[in-house]
Amino acid sequence: MYRFSATDARLLAEYRNVTAKQRSLELQRLLIRLRSEGTAHKLCILTLKPRTEWAIGQLGAMRGDPIRIYDDRRFATYRDAEWALLKLRWLKHSGLPWPQELDR
């Protein structure tokens, strides 16, 4: 099983600054680990208004259960929603604090 370390946090900056096609193998492995979990209660990105507004959603316990909005935040770009989702997954799976310097 993949063990997170504080040095993995340096890869998070790469996520924001590099396109998906150019991501390093290390970052791809980290993202796979952050995204790997069962579907029950998994966090996802919801489109509220096409190409205009997004939010973080949470899947239900069973297939077919409604998706609920996770919190009150709204995002003007899909990229901002992805970044917020990455933060939530990092905190959940790594147990390490989010590097504050990444939000500057």
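This is a predicted model: local features need pLDDT of at least 70, side-chain atom pairs count only at pLDDT 80 or more; totals for chains, interfaces and linings use all residues.
Counting a side-chain nitrogen of Lys or Arg within 4 Å of a carboxyl oxygen of Asp or Glu as a salt bridge, the count comes to seven salt bridges.

### Charged pairs

| Pair | N to O distance |
|---|---|
| Arg 10 and Glu 26 | 3.3 Å |
| Asp 80 and Arg 16 | 3.9 Å |
| Arg 73 and Asp 71 | 3.0 Å |

The salt bridge between Arg 10 and Glu 26 links distant parts of the chain, since Arg 10 lies in helix α1 and Glu 26 in helix α2, 16 residues apart. Arg 10 counts as exposed because its relative accessibility is 52%, where the limit for that class is over 50%, while Glu 26, with a relative accessible area of 41%, is partly exposed.

The side chains of Asp 80 and Arg 16 also meet in a salt bridge, and this pair again joins distant parts of the chain, with Asp 80 in helix α3 (residues 78-94) and Arg 16 in helix α1, 64 residues apart. Asp 80 is partly exposed at 33% relative accessibility, and Arg 16 is likewise partly exposed, at 31%.

Arg 73, the partner of Asp 71, has a relative accessible area of 35% and is therefore partly exposed.

### How the helices pack

Helix α1 (residues 9-17) packs against helix α2 (residues 25-35) at an angle of about 95 degrees, and their axes are 10 Å apart. Because angles of 65 to 115 degrees count as roughly perpendicular, α1 and α2 are placed in that class. On the α1 side the contact is made by Arg 10, Leu 11, Leu 12, Glu 14 and Tyr 15, and on the α2 side by Glu 26, Leu 27, Leu 30, Leu 31 and Arg 35. Divided by class, this contact has six nonpolar and four charged residues, with no polar ones. Arg 10 and Glu 26, both part of this contact, are also the partners of the salt bridge described above.

Helix α2 meets helix α3 as well, their axes coming within 9 Å and crossing at roughly 75 degrees, so α2 and α3 are also roughly perpendicular to each other. Here α2 contributes Leu 30, Leu 31, Arg 33, Leu 34 and Arg 35, whereas α3 contributes Leu 86, Arg 89, Trp 90 and His 93. The residues of this contact divide into five nonpolar, one polar and three charged. Leu 30, Leu 31 and Arg 35 of α2 take part in the contact with α3 and also in the contact with α1.

### The sheet and the helix across it

Three strands form an open sheet in the order β1-β2-β3, with antiparallel pairing. The edges are taken by β1 (43-49) and β3 (68-69), each of which has a single partner strand, so that one side of each is left without a neighbour in the sheet. Between β1 and strand β2 (residues 53-58), the antiparallel pairing extends over six bridges, and Ile 45 stands opposite Ile 56 in β2.

Helix α3 connects this part of the description with the previous one: α3 lies across β1 and β2, running at about 155 degrees to β1, and α3 is also the helix whose axis comes within 9 Å of that of α2.

Definitions and conventions: Residues are numbered from 1 along each chain as its sequence is written. Side-chain values use heavy atoms; hydrogens and water are left out. Axes are lines fitted to C-alpha atoms, for helices over the stretch in contact, and angles run from 0 to 180 degrees between N-to-C directions. Helices (H or I, at least four residues) and strands (E, at least two) are DSSP runs, numbered from the N terminus. Angles under 35 degrees count as roughly parallel, over 145 as roughly antiparallel, 65 to 115 as roughly perpendicular and the rest as oblique. Contact means heavy atoms within 4.5 Å. Ala, Val, Leu, Ile, Met, Phe, Trp, Tyr, Cys and Pro count as nonpolar, Asp, Glu, Lys and Arg as charged, and the others, Gly among them, as polar. Buried means under 20% relative accessible area, exposed over 50%, partly exposed in between (1.4 Å probe, protein chains only). Two strands pair if DSSP finds at least two bridges between them.
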